[in-house]
Every structure is written in structure tokens, then in C-alpha cells.
Amino acid sequence: MINGEVQAHREWLWAGVGGCLLNRLNATREVDPVALPNCRLIKGIEAGSEDIDILPNGLAFISSGLKYPGLKSFAPDKPGEIFLMDLNEKKPKASELRISRGFDLGSFNPHGISTYIDKDDTVYLFVVNHPHQKSTVELFKFMEEDNSLVHLKTIRHDLLTSVNDVVAVGPDSFYATNDHYFSDFILMFLEMYLGLTWSNVVYYSPKEVKEVASGFYSANGINISPDKKYIYIADIFDHNVHVMEKHADWNLTHVKTLQLDTLADNLSVDPDTGDIWTGCHPNGMKLFYNDPDNPPASEVLRIQNILAEKPTVTRVYAENGSVLQGTSVATVYNRKLLIGTVFHRALYCEL
């Protein structure tokens with residue numbers, strides 16, 4: 001769809017917008033700043049860092065270059081990339097990972113990512129991809145000796161219609177969130193406008209594919225607890241995080257919902273503490289409008305003891321978009337914090 005048509009549909013959407021949608025977008029919220037003293041922008045990441053996953057050894061994978069319907073892109077004609085950072089270095093730098101021949105780099109449009117370490121220490125990287133605005137999950141093997149990715153296969157399925165994020169649970173199996181029921185641009189926005197709760201979560205393996213949770217406004221980030229007993233799901237337009245119990249047959253049952261006052265995007269789990277870190281959009285209206293004079297703000301939350309009756313939710317970082325626009329992920333390793341964005345830059349902080 002050309003830019004003029006996109007803009008016309010945006011204007012149509014906002015012209016008739018109702019109070020319910022304004023509430024789902026948190027359209028009136030302004031963020032109160034929370035500063036972190038030891039932060040710097042990561043050089044080389046200019047067109048997004050939508051999702052980040054860190055291995056236990058401190059190697060961080062960063063997806064960059066997402067083109068998503070209705071959202072800004074600072075590099076609309078450049079294929080997406082996967083960056084790597086070694087957080088054990090004194091001054092970590094981001095470097096682009098080389099991807100093996102045979103993979104269509106020209107249409108690479110990476111979204112959510114997840115890693116899985118097999119019993120033989122093989123590292124697999126699952127990447128949500130949107131080639132030509134479709135949804136696939138790409139499976140790569142990480143080759144640490146030469147910092148490259150070997151493409152193993154492309155996963156497509158009728159139930160994987162509008163994939164946002166994945167969490168790997170095996171070398172070729174995962175849970176995936178579909179953030180919309182429809183994949184067509186206009187129908188996606190109509191779905192959001194009408195407040196349809198048709199978004200879902202799908203379990204995928206080569207032997208079985210099935211819906212395991214449904215009824216979300218827009219299921220977004222997904223992750224797993226360190227003990228592998230619970231799956232966490234962010235419903236970005238319902239401003240909450242769902243806790244689901246994972247069963248032996250891979251089905252999920254609802255345990256509880258933690259309500260927030262912000263639009264939680266991707267979820268990261270600290271393997272040492274079990275804390276959930278999430279990059280959030282304080283005001284979703286600004287994310288879609290993206291006015292250069294009033295950019296989308298950034299916010300990072302830390303959720304402790306989510307299974308407790310009253311979990312502790314801490315605003316770790318927040319600012320008005322002058323430094324970082326549209327935060328989508330936050331993840332920690334050894335008191336180092338990485339903050340990523342949908343289409344903007346990335347921040348490295350020492351806590």
C-alpha cells in the first residue's frame with residue numbers, strides 16, 4: 001500500500017475514533033521522566049531494535065529494521081538485520097550478523113525473536129519475519145566461531161497469520177502471538193477500531209499446531225518463566241500481562257492478569273530472579289501519529305513476584321522521546337540493561 005493510502009486510512013481512523021479506542025491507546029497520558037545515569041545510545045542501530053534476547057553467556061541478539069503497517073520506518077528501503085552484542089566486553093558494540101546464502105535477505109523484515117539452547121549446546125534463533133507483509137518464523141543456527149547465522153528453514157502455517165513474537169520451547173517448537181486476527185492492513189485497523197478480541201496464542205511444533213489461548217485485544221510480547229512452568233503474555237491494548245500455566249500437552253490455562261497503566265510490548269525474563277522486564281508505550285496514539293514535535297515516549301517497567309497477590313511494579317526508566325522513541329523491549333544481564341525500540345535507536349545502560 002502506498003504512503004498516501006496509508007495516511008488516508010490513518011486520518012479516517014482517527015477522525016471517527018471513539019472513547020474506547022482512545023482508552024486502549026492511552027491517548028491522554030503524558031510520561032513523568034525517570035532517568036538512569038549511566039546510559040548511551042548504541043552506535044550503528046538507527047532503524048529500530050524491536051526485540052532483544054540475551055544468552056546466558058551475555059551474547060545479545062537484536063532485531064532491527066522492522067517495517068510494520070501504519071508505523072514509521074527510518075530505513076524503509078533497507079532490509080532488516082540481526083545485530084549481536086557481547087555484554088561481557090567493557091564497552092560493548094553492536095555488529096551485524098552475517099546470514100548464510102540462500103536466504104532472501106532482500107525481503108527480511110524481522111520482528112520478535114527468541115533463542116533456544118539445545119542439549120548439545122547448539123544455539124537456535126527464532127525470528128518472526130514479515131516478507132511482503134506476510135508472517136513466517138525463520139529458524140537459524142548461530143555459529144559463534146564466525147558470528148554468523150545459518151538459515152535452517154522457514155515456518156509457515158494457516159494459524160500463524162499475524163505473528164508478533166515467539167518464545168522457543170524446543171529446537172523446532174515455540175509459542176507465538178498473533179497480534180491481529182486479520183493480516184490485511186485495512187482489516188487490521190478496523191479490528192483495532194472496533195475493539196475485537198480475536199487475537200490469540202498458537203503452539204507450533206512439526207507434529208502439532210494449535211491455538212492455546214484467545215480473547216486478546218492484541219497479544220504481543222511472550223516469554224516463559226525460568227522454571228518453564230508459566231507463559232507470560234502481554235496484551236498491549238488491554239494494558240496488562242497474563243500469566244498462563246503450561247501443561248504437558250502444551251495447552252495453557254489462565255492463572256492471573258496483572259493490570260498496568262501503559263502499553264506493554266515485549267517481555268523479557270531475568271533468568272536469575274524471575275523478574276519480568278518490559279518496554280512500554282506510555283501513549284499509543286503518539287506511536288501511530290509519530291509527530292516529530294511530539295514523538296512517542298519510552299518507558300521501562302520491572303515486574304517482581306508476578307505470582308504474588310500484589311506484585312511489585314517499578315518504573316525503571318521513562319522519557320518523552322527526546323532520546324528514545326517507542327520503546328518495545330528491555331532486558332538485563334549482569335546489571336547491564338538494553339532498551340530497544342520499534343523503529344528508532346537502542347540504549348545501553350549500566351545499572
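At 0% relative accessibility, N266 counts as buried. This is a predicted model, and N266 is found in strand β19, which covers residues 263-269. What does the side chain of N266 reach at 2.8 Å? The backbone oxygen of E50.

Leaving aside residues up to four places away in sequence, N266 touches E50, D51, N164, D165, N220, G221, W277, T278, G279, S328 and V329.

## The annotated set

N266 also turns up in a record. The UniProt annotation "binding site", from an unreviewed entry, covers E50, D51, I113, N164, D165, N220, D265 and N266. These residues are spread over 217 residues of sequence, yet they cluster in space, with a largest C-alpha distance of 13.0 Å.

D51 sits in strand β2, residues 51-54, and is buried, with a relative accessible area of 3%. Again not counting residues up to four places away in sequence, D51 touches F61, I62, S63, H111, G112, I113, D165, N266 and V329. Among those contacts, I113, D165 and N266 also carry the "binding site" annotation from UniProt.

Are the two partners buried or exposed? C39 is partly exposed, at a relative accessible area of 28%, while C349 counts as buried at 1% relative accessibility. As for C280, this cysteine is in no disulfide, and the nearest cysteine sulfur, that of C349, is 15 Å away. C280 counts as buried, at 0% relative accessibility. C20, on the other hand, is exposed, with a relative accessible area of 58%.

## Aromatic pairs

The structure holds 15 aromatic pairs. Take F108 and F140: their ring centres are 6.4 Å apart and their planes lie at 70 degrees, so this pair is edge-to-face. F108 lies in the loop between β6 (98-99) and β7 (110-117), and F140 in strand β9 (residues 136-143), so the pair ties together parts that are 32 residues apart in sequence. F108 and F140 are both buried, and together with F103 they form one aromatic cluster.

Then there's Y175 with Y203. Why does this pair count as tilted? The ring planes of Y175 and Y203 are at 55 degrees, with the centres 5.4 Å apart, and only angles over 60 count as edge-to-face, while those under 30 count as stacked. Y175 lies in strand β12 (residues 173-178) and Y203 in strand β13 (residues 199-204), so the pair ties together parts that are 28 residues apart in sequence. Y175 is buried, with a relative accessible area of 0%, and Y203 counts as buried at 3%.

Note on methods:
Residues numbered from 1 in each chain as written. Predicted model: local features only at pLDDT ≥ 70, side-chain atom pairs only at ≥ 80, totals over all residues. Heavy atoms only, no water. Buried < 20%, exposed > 50% of the residue type's maximum accessible area, 1.4 Å probe, protein only. Disulfide = S-S within 2.5 Å. Phe/Tyr/Trp six-rings, centres within 6.5 Å; stacked < 30°, edge-to-face > 60°. Helix = DSSP H or I, 4+ residues; strand = E, 2+ residues; numbered from the N terminus. UniProt positions renumbered as here; feature names shortened; annotations may be inferred. Contact = heavy atoms within 4.5 Å. Polar contact = N/O pair within 3.5 Å; in protein donor to acceptor, adjacent residues only side chain to side chain.
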